[in-house]
Amino acid sequence: MAPTVLHVRAETKPLEHRSAVTPTIAKQLVDAGYVVNIERSPLSIFNDSEYEGTGASLVPTGSWTQAPSEHIIIGLKELPEEDFPLKHIHVQFAHCYKGQGGWEKVLGRFPRGKGTLLDLEFLEDENGRRVAAFGYHAGFAGAALALMTWAWQLTHGKDEPLPGVTPYENESLLIKDVKEAVESGKAKAGHLPRVLVIGALGRCGRGAVDLCVKAGLEDIIKWDLPETSAKSGPYQEIVESDVFVNCIYLSAKIPPFIEPNSLSSPDRRLSVVCDVSCDTTNPHNPIPIYDINTTFSSPTVPVKLPAQANDLPLSVISIDHLPSLLPREASEAFSSALLPSLLQLNDWKHARVWQQAEKLFTEKCNTLPEGAVDGEAELVANQSTRSVTLDAETWEDDVAGLDAKVPAGLIYTDDRRAIDIRGDDASEAAAARYKSAVEKGRLLYTHIQCADVQSHYQWTDLEWYGWAADRRKQPRGIPSDIRTPLLSDPGQVAGGLGCPTIEAHDPIEPKDVEWDHLHESTVEGKHYNPTDAWYKGIYYPKHGVLIVSNARSPRYAVEQKERVDEWEGGDLVPLGLLSDVMFLEYEHLCKTSAPPLSVKDLRYMFRSQIVNKETREVIFEVLKRRGIINGPVPWPGTAFKFPSEEALALLSTPNGRGAAWILISHRAELGWKTIKQITVFDNLLSAGERSVFREWSHPSMLIEFEDSSAPQQDDPGADK
């Protein structure tokens with residue numbers, strides 16, 4: 001009988017340095033008669049050389065997709081977002097059994113390819129206890145970052161978030177940094193922080209408590225089921241603690257531990273929440289004060305506080321791979337605990353722990369919605385719909401504005417709506433989506449050349465419509481992906497714009513301004529409810545540069561599934577498009593500079609670290625047509641001049657069309673301008689990483705404007 005082959009795939013999630021099978025465990029598996037293939041991994045904490053002498057074979061990164069179907073694929077974190085069917089047995093954390101966002105797409109890939117998911121999160125022993133978990137190190141790392149954040153707020157102010165962190169070689173180095181941070185915070189606050197840990201008796205909670213003890217804390221409140229069962233949440237004790245660490249395992253709906261209204265308490269000391277459980281997209285998340293995951297590069301997200309709240313900041317840490325802060329120790333502990341189960345994979349159909357995992361997989365597959373398994377063409381088609389992003393200006397909003405302001409003869413309804421794709425295969429669907437993007441871009445480009453669709457809004461209207469400005473005295477920082485083209489001297493770097501750094505302390509630029517839609521408003525007899533939309537920008541008015549660092553339109557904000565029940569209804573605020581809000585701020589900065597600057601000198605618009613699925617799909621498609629297959633290259637990137645098809649396709653994307661609408665809607669202020677070219681680039685991944693981790697590329701775009709002339713009256717469409 002041929003030996004069982006275990007194929008350990010390389011992790012592809014950024015900053016994920018752990019491994020499910022360490023060199024020590026690989027040797028024990030080989031000694032037990034398994035064939036073990038280890039993918040080379042540039043991210044793993046374990047060097048390839050550490051597997052030499054174990055008997056395992058090193059194989060190319062990503063080669064699991066070509067492995068024979070009988071090989072068992074072992075990994076840790078979820079697979080990259082793709083749609084091809086999965087034919088293997090996969091042992092991993094998939095995060096698709098608890099109703100998480102997009103669960104049906106993740107799970108549906110397995111039955112479509114006749115594969116099987118044996119989810120590591122649900123492997124249990126005879127007593128119902130998980131056989132292996134990263135919980136201890138997750139709690140340990142989460143508490144460490146929480147204490148660092150508490151101290152950072154005190155020493156750097158509420159407007160400067162905790163900088164990015166990198167993995168530690170060992171626990172001692174981490175504790176050293178935490179102790180130093182806590183002492184600096186104590187010097188400012190006059191006391192050590194009070195920390196409340198819920199789930200303190202579990203693996204995760206024990207890790208959080210241990211970290212607090214090793215950091216020298218004394219006021220540690222340890223809650224578990226007896227405390228949370230004694231009364232229903234929300235809990236005032238959380239609000240009255242400096243730091244809250246959530247370490248529970250959420251298996252059903254429970255009352256919230258904390259909610260937005262409780263943050264108005266005058267007794268609030270709470271300034272840091274670390275949600276180690278990280279049930280961000282779970283509809284029953286007991287900490288409904290945030291809605292995005294954070295990362296090691298951006299560990300915290302600020303919470304929008306009620307108007308009645310005190311001045312203390314509140315930040316949330318919601319990193320879903322916290323143990324990677326201590327990747328070597330976390331991997332060794334997990335892999336050792338998993339070994340007895342791994343040794344049963346040669347006869348997994350008859351091993352209780354794996355039988356139970358397969359049974360759960362079958363049960364979950366039976367809950368898949370209609371079409372998730374059989375409707376392959378429909379699944380491919382659905383890829384063209386907009387994914388959950390924070391930086392998309394909706395095509396529907398744009399078209400609605402045109403309908404109200406432009407004669408019908410200029411627009412053809414069929415051209416401006418996305419094509420409903422029902423292709424026979426993925427390549428046909430992709431071709432149709434690209435064709436649709438080109439046509440939408442062509443329509444927008446035509447409007448740039450001749451349409452007269454003037455926005456009537458003024459900068460002072462923003463507050464009337466419920467917007468509030470957050471003007472930072474010190475910018476948070478220039479996004480790392482655009483620093484090279486933005487700050488480099490043009491004589492040293494091709495295409496460099498030579499803008500000043502933050503450290504140059506130029507009194508005019510850069511300006512860091514965030515507009516948030518937080519207030520009710522009544523304008524001309526119409527009432528508008530707040531939407532929690534935002535537009536975050538960095539402005540260089542002297543250099544004619546507008547940087548969109550993050551954006552969430554009112555329409556997107558209220559259409560999120562988790563916001564539907566909270567939305568109080570009514571009309572959406574009409575002053576809500578990126579092209580209006582951010583342009584009005586740019587115009588205001590130009591007019592109030594000393595001396596005043598010309599708005600007409602606007603030349604560049606950056607879209608930073610793009611995560612929108614529709615935009616990324618178009619970027620990879622246009623690059624492929626240029627023969628670039630591994631995604632965007634570093635600056636100077638790849639330029640697409642207008643009116644090429646590739647440039648038009650990029651213009652149609654959620655991250656491109658806002659620029660078009662600035663030129664169309666604000667021609668009275670800007671004069672006649674057009675778009676010269678769009679450059680796409682990625683300065684975050686090395687060449688080697690791009691070839692391996694293409695799906696994790698977060699491209700950036702530089703949209704370059706240039707002056708043009710008004711159309712002559714005998715030109716087609718000039719009178720329109």
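**Group meeting: a walk through the predicted model**

Buried here means under 20% relative accessible area, exposed means over 50%, and partly exposed is in between, with a 1.4 Å probe and protein chains only. Strands are DSSP runs of E with at least two residues, helices are runs of H or I with at least four, and both are numbered from the N terminus. In a regular strand the side chains alternate between the two faces of the sheet.

A quick word on the source. This is a predicted model, in which local features need pLDDT of at least 70 and side-chain atom pairs count only at pLDDT 80 or more, while totals for chains, interfaces and linings use all residues. Residues are numbered from 1 along each chain as its sequence is written, and side-chain values use heavy atoms, with hydrogens and water left out.

Back to β20. Which strand does β20 pair with? The partner is β21, residues 673–681, in the antiparallel sense over four bridges; two strands pair if DSSP finds at least two bridges between them. Thr638 has Val680 of β21 as its bridge partner.

Pro636 sits in the loop between α18 (613–625) and β20. Another cis bond runs from Glu509 to Pro510, with omega near 0°, and Pro510 is in the loop between α15 (483–487) and β14.

Now for salt bridges, meaning a side-chain nitrogen of Lys or Arg within 4 Å of a carboxyl oxygen of Asp or Glu. The structure holds 30 of them. Take Lys304 and Glu514, whose side chains meet at 2.8 Å, N to O. This pair links distant parts of the chain, 210 residues apart: Lys304 is in the loop between β11 (300–302) and β12, and Glu514 is in strand β14, residues 511–517. Is Glu514 buried or exposed? Glu514 is buried, because its relative accessibility is 3%, whereas Lys304, at 34%, is partly exposed.

Glu180 and Lys176 make a bridge too, with the closest N and O atoms 3.0 Å apart. Both are in helix α4, residues 171–189, and they are four residues apart, so about one helical turn separates them. Glu180 is partly exposed at 45%, and Lys176 is partly exposed at 46%. There is also a network of salt bridges linking Lys98, Glu121 and Asp279.

On to backbone angles. Most residues other than glycine have a negative phi, and most peptide bonds are trans. Lys114, though not a glycine, has a positive phi of about 60°. Lys114 lies in the loop between α2 (103–113) and β6 (116–119), and with a relative accessible area of 74% it is exposed. Gln609 also has a positive phi, near 45°; its place is the loop between β19 (604–607) and α18, and Gln609 is partly exposed at 30%.

Last stop: Ser315, in strand β12, residues 315–317. Why does Ser315 count as buried? Because its relative accessibility is 11%. Not counting residues up to four places away in sequence, Ser315 touches several residues, among them Thr149, Gln153 and Ser271, where contact means heavy atoms within 4.5 Å.

Thanks, everyone!
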